[in-house]
Amino acid sequence: MLELLWLVPLAPLGGFLILAVARARLGRRAVATVGVGSAGVALAAAGAVAAGFFALPAAGRVYEQNLGTWISAGDLAARFVLHLDALALVMMAVVTLVGFLILLYSAESMAGDEGYARFFCYMNLFVASMLVLVLAGDLLLLYLGWEGVGLCSYLLIGFWYREPANARAAKKAFIVTRVGDAALLVGLLVLFTQMGTSDIGGLLARAAERWPTGSSVATLAALLLLAGAVGKSAQLPLQVWLPDAMAGPTPVSALIHAATMVTAGVYLLSRMHGLFALAPAAATVTAVIGAATLLLAGTSALVQRDLKRVLAYSTMSQVGYMFVALGVGAWGAAIFHFVTHAVFKSLLFLAAGAVIAALGEEHDLFKMGGLRQRLPLVFWTFLAGAASLAALPLVTAGFYSKEEILAAAWAGPAGGRWLWAAGAVGAAVTALYTGRMVFLVFFGTAKREPSQQPGWAMATVLVILAALSVSGWWLDPRWLLGGTEIAATLPVRLAGTAAALAGIVLAWYFYLRRPALAARVAQSRAGAALGRWWIGGWGFDWLYNFIFVRPYVWLTQLGRDELLDGPFRTLGRTLDLAHAGMSWTVTGRVRWYAAALAAGAIAAIAVAVWR
Amino acid sequence: MILGWIIFLPLLGGAAAWIAGRRSAGAARTLALVAMALDLALAVAAWSGGAGASGWFAEFQCPWLPQFGISVHLGMDGASAPLVVLAAFLGLLAVGVSWRGIGERVGFFHFNLLWAVAATQAILLSLDLVLFYVAWEALLVPLYFLIAVWGGPRRGPAALKMFIFGQASAVLMLVAFIALAISHQRAVGSYTFDYLKLLGTPVAGAAAFWMMLAVFVALAVKLPAVPLHVWLPDAHEQAPASGGVDIAGLAVKVGAYGMLRLVVPLFPAAARDFTPVAMTLGVIGILYGATMAFAQRDLKRLAAYSSISHMGFILLAVFAFDQTALQGAVLVMVASALSAAGLFFMAGVLERRFGTRNIEALGGLWSAMPRAGAATLIFALAAMGLPGLANFAGEFLVLLGTYREHPVFAVLAALGMIASVIYAVRLMGVIFHGPRKDERPVKDLSWREGAIAAALVAALVWIGIHPGVITANGKQNFTAAAANNASALHDSNTEGGR
Amino acid sequence: MNSVSPESGLVVAAVLFALGLGGVLARRNMLFVLMSIEIMLNAAALAMITAGARHHAADGQVMFMFILATAAAEVAVGLAIVLLIYRRRRTLDVDEAREMRG
């Protein structure tokens with residue numbers, strides 16, 4: 001069954017090709033069949049591959065499939081090689097499952113859109129790229145998927161391209177992530193030239209052999225990979241693209257946030273965790289970036305008015321947790337949180353999409369309310385996702401994974417009190433904004449009547465994801481991945497749990513029990529200033545606009561007419577002047593010429609005679 | 001002999017097209033198309049025949065001016081073969097692109113177009129420096145006419161600028177060639193302009209440096225390298241709107257080929273001393289080209305700056321003294337020509353429909369022209385170096401080869417990735433996204449245009465996922481010879497340094 | 001036959017030349033300019049013959065033949081040009097015909 005591995009990325013790719021070539025000729029039903037079906041094939045193939053994988057003896061559960069050579073020059077021989085190990089299996093399972101569910105959901109939710117075929121075309125390419133990324137056994141192939149994911153995010157964020165704001169958001173996402181990609185590419189250069197191979201397994205093995213722990217080359221390489229991951233995963237300081245990426249259709253947001261794109265960075269760092277083990281400094285930087293981002297994003301999520309922006313900042317914050325886990329060496333916990341996050345965040349986005357569609361494309365939290373009775377299915381499923389996000393103890397999957405990360409931050413190999421504290425505060429903030437979101441949307445007084453209920457496809461998807469969100473600890477993939485167990489003391493675990501609970505209670509108090517109080521706090525001078533600061537994501541957009549965008553545009557406008565032409569134009573003008581100076585002697589009067597000739601001849605003879 | 005035919009076919013076809021064009025424009029076009037198709041077939045045949053034991057795909061030599069050691073010496077190796085095929089391929093496309101765009105003096109137009117292709121191929125194939133120089137000059141003349149007769153409103157100055165830049169720099173090269181032949185005569189006793197015999201000619205340090213510099217400057221103008229690039233955007237801007245001339249005459253970078261073929265192999269020691277300067281120029285070119293591409297309103301100027309940016313990689317590769325980088329350089333040449341050709345073609349398509357190439361006057365065309373949009377997207381993505389398309393493979397190999405010895409330059413060049421994505425997304429955004437500015441109904445690509453776009457896209461994707469077609473043979477021959485020379489030299493240098 | 005010294009021949013030639021030059025510079029009528037040029041040519045021819053006589057060589061007289069032929073051709077072409085100019089402009093003023101200025 002393992003031989004079917006090639007089908008996993010190639011099925012969505014085939015779907016993409018069919019839709020790209022024949023999209024004008026296919027009916028809507030055919031488009032949906034191809035678009036969803038290709039992901040279904042990938043899911044089925046992934047299932048078969050997984051069955052084959054578990055049939056392998058537990059000791060050597062690795063499978064490689066070589067599909068040919070890509071770039072071969074000098075000692076570099078990058079191959080189209082698929083590599084399946086436990087980590088890739090988990091990623092593949094999540095990407096195919098969540099991707100399939102999201103595509104199924106969008107078959108219904110996007111039905112009215114004129115770009116139906118285009119949508120599925122891009123989405124299939126997105127899933128295919130992500131699968132290439134997670135299954136790549138070669139670092140350069142991983143980079144192919146990496147850039148493919150970036151391209152698809154550009155295409156899908158700008159899906160409704162007529163709106164200039166959407167096109168701008170798409171451009172921003174592509175450019176900002178490409179900054180990280182450039183760093184990643186340099187990282188690849190470092191690794192390839194130092195190790196002489198682009199095969200991930202061989203590379204890590206050689207790195208462990210050749211580089212002592214803490215060596216500066218290892219740190220440099222790790223930091224460059226980190227910079228790439230930071231770009232894709234929307235962490236500080238390249239996080240600015242993610243909130244704007246909400247411009248795309250909701251299923252796109254779900255896909256970007258849950259199964260593809262932002263988790264690519266987490267996957268990369270997990271895949272290369274051996275390298276980070278050699279570079280403790282880079283690992284520390286990872287953890288600090290994660291902690292800072294989770295606080296920044298959490299506080300920003302607190303004040304957003306746009307439902308999808310709340311979710312976007314929450315993704316940034318949750319990925320921040322994963323980075324903390326990666327930084328402290330608990331990459332298994334990071335992957336666990338990735339899995340649960342993929343489930344509950346896609347659920348939240350899809351449910352939010354149902355809400356937004358039902359209210360006629362209304363995104364503003366404060367114009368929603370009281371939807372609990374009017375959209376019961378959406379409410380219950382959203383609640384399941386929200387509970388998981390807020391880490392409601394014991395019943396939700398998110399609780400277990402977040403607890404693991406907090407425990408690792410406290411007691412892990414490279415953990416620390418401050419990291420734990422940031423995580424705990426973040427957990428409280430997470431619960432607070434999650435509660436705010438739930439209470440504002442579904443409780444209180446109804447401000448608008450929903451116009452439609454989700455149909456069977458959307459409902460099925462929501463229920464499946466909700467069931468997974470509350471299903472608890474069994475999503476934990478760490479038994480498969482291996483790695484160290486983290487034994488945190490019970491008080492630490494209880495404290496983390498208490499932080500989340502406190503956030504939920506606070507949210508209940510502020511937004512349900514005493515909404516006036518919340519309004520008063522928001523309107524006080526300090527509250528308003530803080531709100532203004534946070535709603536723009538701590539002002540990074542403004543800062544980058546000021547130090548990068550404006551000077552660049554100014555510089556290019558200055559040089560538009562080619563300043564370097566100047567010297568050559570000057571040369572031309574000088575020749576013109578010389579020409580003008582000479583040409584006055586040519587008067588056209590023959591007698592002057594004759595006189596000049598005679599004078600010249602006389603002068604020449606005179607010089608010859610009396611010299 | 002097949003090499004002679006590769007050059008003669010376009011010459012003959014061009015002359016036939018000129019004669020036929022007096023009676024019927026259609027006949028001229030058809031003749032040109034047939035000649036280029038045959039030429040492409042010949043080039044592919046020569047290429048796919050594989051390299052012989054000598055390392056040459058094909059070689060041809062007959063005496064020309066024996067008393068000076070000048071001969072008609074043609075040779076096709078792993079570096080020139082893909083480029084010869086590329087020139088024929090783009091020549092064929094250029095005839096197709098110009099099918100509807102040119103209405104006046106059609107015969108003479110195709111005469112010039114095909115002679116430009118022939119001159120390009122002669123440059124790529126010649127192994128005699130005098131022949132090389134003659135072909136080099138011969139390329140300028142048809143190009144001058146093509147721009148000066150059928151070009152845009154300011155075609156005169158643009159054509160003249162191109163001609164003066166090309167001519168002034170070529171003379172420098174000729175002087176260097178003659179000086180080299182004289183050095184060879186002093187050392188060996190007989191004159192020769194044969195490239196292979198001149199390899200390894202001992203030249204005293206300072207003289208070698210000046211010769212190298214003269215050749216370098218001539219090639220840097222043609223490449224073009226910043227700051228000698230100013231003629232190229234003007235030439236592209238004023239070249240006939242349909243884009244055939246841009247594709248056939250200017251997109252194939254003979255300057256880049258010359259850099260590879262002449263500078264390092266003929267003057268290895270001098271070139272090595274020159275490395276920091278050349279690499280600095282390369283990095284400046286990469287960043288400057290990409291940055292300026294962002295500012296352009298004219299799509300053809302944009303494409304011109306984008307290819308200036310690509311040519312920076314050539315400078316890095318040539319002076320990296322690295323096998324991997326050289327293979328990457330051949331890839332970059334092919335890929336850059338294809339992606340630039342695509343953009344020039346799209347510029348022609350848009351100009352025909354809207355009467356303007358000012359991309360800021362367009363907008364929101366995606367729904368009206370989905371096929372054109374997809375093609376432009378792929379060309380733009382290729383130009384910015386997306387993995388899976390041809391340019392990435394080349395640029396990556398160049399960076400990899402450069403990084404080994406010159407990490408700083410490689411890192412600076414990698415910044416070009418950011419600058420290139422900025423112009424690529426602006427290009428797409430301005431033309432295809434946003435609201436429609438021009439509400440006139442517009443047709444998507446016709447089947448002829450679609451076929452041209454599809455051919456370019458297919459080539460970009462094919463080379464992108466299988467760059468081996470280009471690089472596999474590059475290992476042989478001069479590339480290897482040059483790299484060996486260089487690495488031998490380099491080894492001795494580093495040993496001395498230690 | 002040795003009565004005329006070379007110096008006096010050359011002096012006559014110089015005087016003739018100066019007269020011709022003066023005519024070219026001073027006259028505005030094209031016909032007179034042409035005639036002045038003829039005088040200058042003849043002055044040169046005289047100088048040649050004188051020099052030839054001085055060296056007892058026939059070269060000078062051969063040269064004279066050439067100059068004679070040239071002068072005839074020159075007059076033919078020159079008169080044709082003058083005629084054309086006159087037809088076009090109805091004037092023979094040299095200073096009027098000055099389109100060929102820089």
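How many helices and strands make up the secondary structure of chain A? The count is 27 helices and two strands. The model is predicted. Chain A touches chain B and also chain C, whereas chains B and C do not touch.

**Chain A**
- The C-alpha trace of chain A spans about 120 × 60 × 55 Å along its principal axes.
- Chain A has 611 residues, and 56% of them count as buried.
- Take the contacts in chain A between residues at least 6 apart in sequence: 81% of these join residues at least 24 apart.

**Which chains meet**
- Two pairs of chains are in contact, and chains A and B share the most contacts.
- Chains B and C stay apart, with 21 Å between their nearest C-alpha atoms.

**Where chain A meets chain B**
- On this interface, 38 residues of chain A are in contact with 42 residues of chain B.
- Five elements of chain A each give two or more residues to its side: β1 (63-73), α5 (139-157), α6 (164-195), α25 (540-559) and α26 (565-583).
- Helix α6(A) gives the most, with 14 residues.
- By class, the chain A side holds 21 nonpolar, nine polar and eight charged residues.

**Where chain A meets chain C**
- Here eleven residues of chain A are in contact with ten residues of chain C.
- Helix α27 (residues 590-610) of chain A supplies the largest share of the chain A side, five residues.
- That side divides into six nonpolar, three polar and two charged residues.

**Nonpolar cores**
- The largest nonpolar core has 455 residues.
- Which members of this core touch the most other members? They are Ala325(A), Leu90(B), Val263(B), Ile314(B) and Val334(B).
- Helix α14 (residues 323-354) of chain B gives the most to this core, with 20 residues.
- A second, separate core has twelve residues, including Val33(C), Leu46(C), Ala47(C) and Met48(C).

Terms used: Residues numbered from 1 in each chain as written. Chains lettered and ligands numbered in written order. Predicted model: local features only at pLDDT ≥ 70, side-chain atom pairs only at ≥ 80, totals over all residues. Contact = placed C-beta atoms within 7 Å. Helix = DSSP H or I, 4+ residues; strand = E, 2+ residues; numbered from the N terminus. Nonpolar A, V, L, I, M, F, W, Y, C, P; charged D, E, K, R; others polar. Core = buried A, V, L, I, M, F, W, Y, C linked by C-beta atoms within 7 Å. Buried ≥ 20, exposed ≤ 12 C-beta atoms within 10 Å, placed from the backbone.
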